[in-house]
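Here is a short briefing on one protein model.

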Amino acid sequence: MKLFIRINRRQNDYRSRAEGIIRKLVENGFEVSLFKVDARAVFSSEEYASFGVEESDYVVSIGGDGTFLKGGLLAATYDKPVFGVNIGRLGYLCRFDEKSLETLTPEVLTGCPIEEKMLLEVSDSELLAINDVVIGKDYFGTSVELQVEAEGHAPYSVRGDGVIISTPLGSTGYNESAGGPLIEGEDSIVITPICASNKAKPLIVNKDCVIKVRNINPSYGASVYIDGVRIEWNGTVEVRMAERKLKKVV
């Protein structure tokens, strides 16, 4: 069984721990490969960079939730199942930790169920969101005024720090921190204002709803972030459920 691995290589302790995890996976009977830049970062060579993600059976992230988002996007792009090994702080999205990985073999992994999770797509961007799309203000000390239009609901404005448009999986992240509701199942998207001075409330919409957000006061800058990655926009953005799914090992 072939695993294509993404790692968090920014911290030295992560790199050394990732090396131990990778060697353990090999001992347990897996074939592994990494991005060449990851392989060089961990092993000071291109060791374990023998095949591409398209040839793999699973994509694996080694790090925390941030690393899982990167690995998950890669997995969704190639229609591969993905699981995370948490060596970060929270690791809510990760299926395994270092201890549980000790007994992970190809046979055990084959028996783990896979759930399909919603992804969001954004107009004029190839990136997909596993957690959320955020339209937020550029600077502290200012507010933005956004008009939110969701099919089947009356348009409303948000004056404050911005809005979060979240998948059910992502509803436990930034959305929950901002006071948004937790979503079960895969039938809904949640729109949550961030520190709205006009008391705008969260809105749960159907998964097929197209959500349009417009900056109605361009003198105050705002940006769009797809799972934390900033993209350029022209002041209007549309968000909807993507056709692709995230295949998450649970």
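**Strand pairing around β6**

β6 and strand β7 (residues 128–129) run antiparallel and are joined by 2 bridges. Two strands count as paired if DSSP finds at least two bridges between them. Helices (H or I, at least four residues) and strands (E, at least two) are DSSP runs, numbered from the N terminus. This is a predicted model, in which local features need pLDDT of at least 70, side-chain atom pairs count only at pLDDT 80 or more, and totals for chains, interfaces and linings use all residues. Residues are numbered from 1 along each chain as its sequence is written, and side-chain values use heavy atoms, with hydrogens and water left out.

**β6 and its partners**

- Leu120 stands opposite Ala129 in β7.
- The hairpin of β6 and β7 has 5 residues between the strands. Asp124 in this hairpin takes a positive phi near 65°.
- Strand β6 (residues 114–122) is also joined to strand β17 (residues 236–249) by 8 bridges. These two strands run antiparallel.
- Glu121 stands opposite Arg240 in β17.

**The open sheet**

- An open sheet is formed by 6 strands, in the order β13-β12-β11-β8-β15-β16. The pairing is antiparallel.
- β13 (203–206) and β16 (229–231) stand at the edges. Each has a single partner strand, so one side of each is left without a neighbour in the sheet.
- Neighbouring strands of this sheet are turned by 25° against each other on average, direction ignored. Axes here are lines fitted to C-alpha atoms (for helices over the stretch in contact), and angles run from 0 to 180 degrees between N-to-C directions.
- Strand β8 (residues 132–137) is joined by 5 bridges to strand β11 (residues 162–166), and the two run antiparallel.
- Ile135 has Val163 as its bridge partner in β11.

**Helix α2**

- Asp38, Ala39, Ala41, Val42 and Phe43 are buried in helix α2 (residues 36–43). Buried means under 20% relative accessible area, exposed over 50%, and partly exposed in between (1.4 Å probe, protein chains only).
- These residues cover an arc of only 165° around the axis, which puts them on the same side of α2. The arc is that of the directions from the helix axis to the C-beta atoms.
- Ser44 follows α2 and has a positive phi, near 55°.

**Positive phi in loops**

- Asp79 lies in the loop between α3 (65–77) and β4 (81–86). Phi of Asp79 is positive, near 55°, in a residue other than glycine.
- Asp79 counts as partly exposed, at 47% relative accessibility.
- Cys195 sits in the loop between β12 (188–194) and β13. Phi of Cys195 is near 50°, again positive in a residue other than glycine.
- Cys195 counts as exposed, at 58% relative accessibility.
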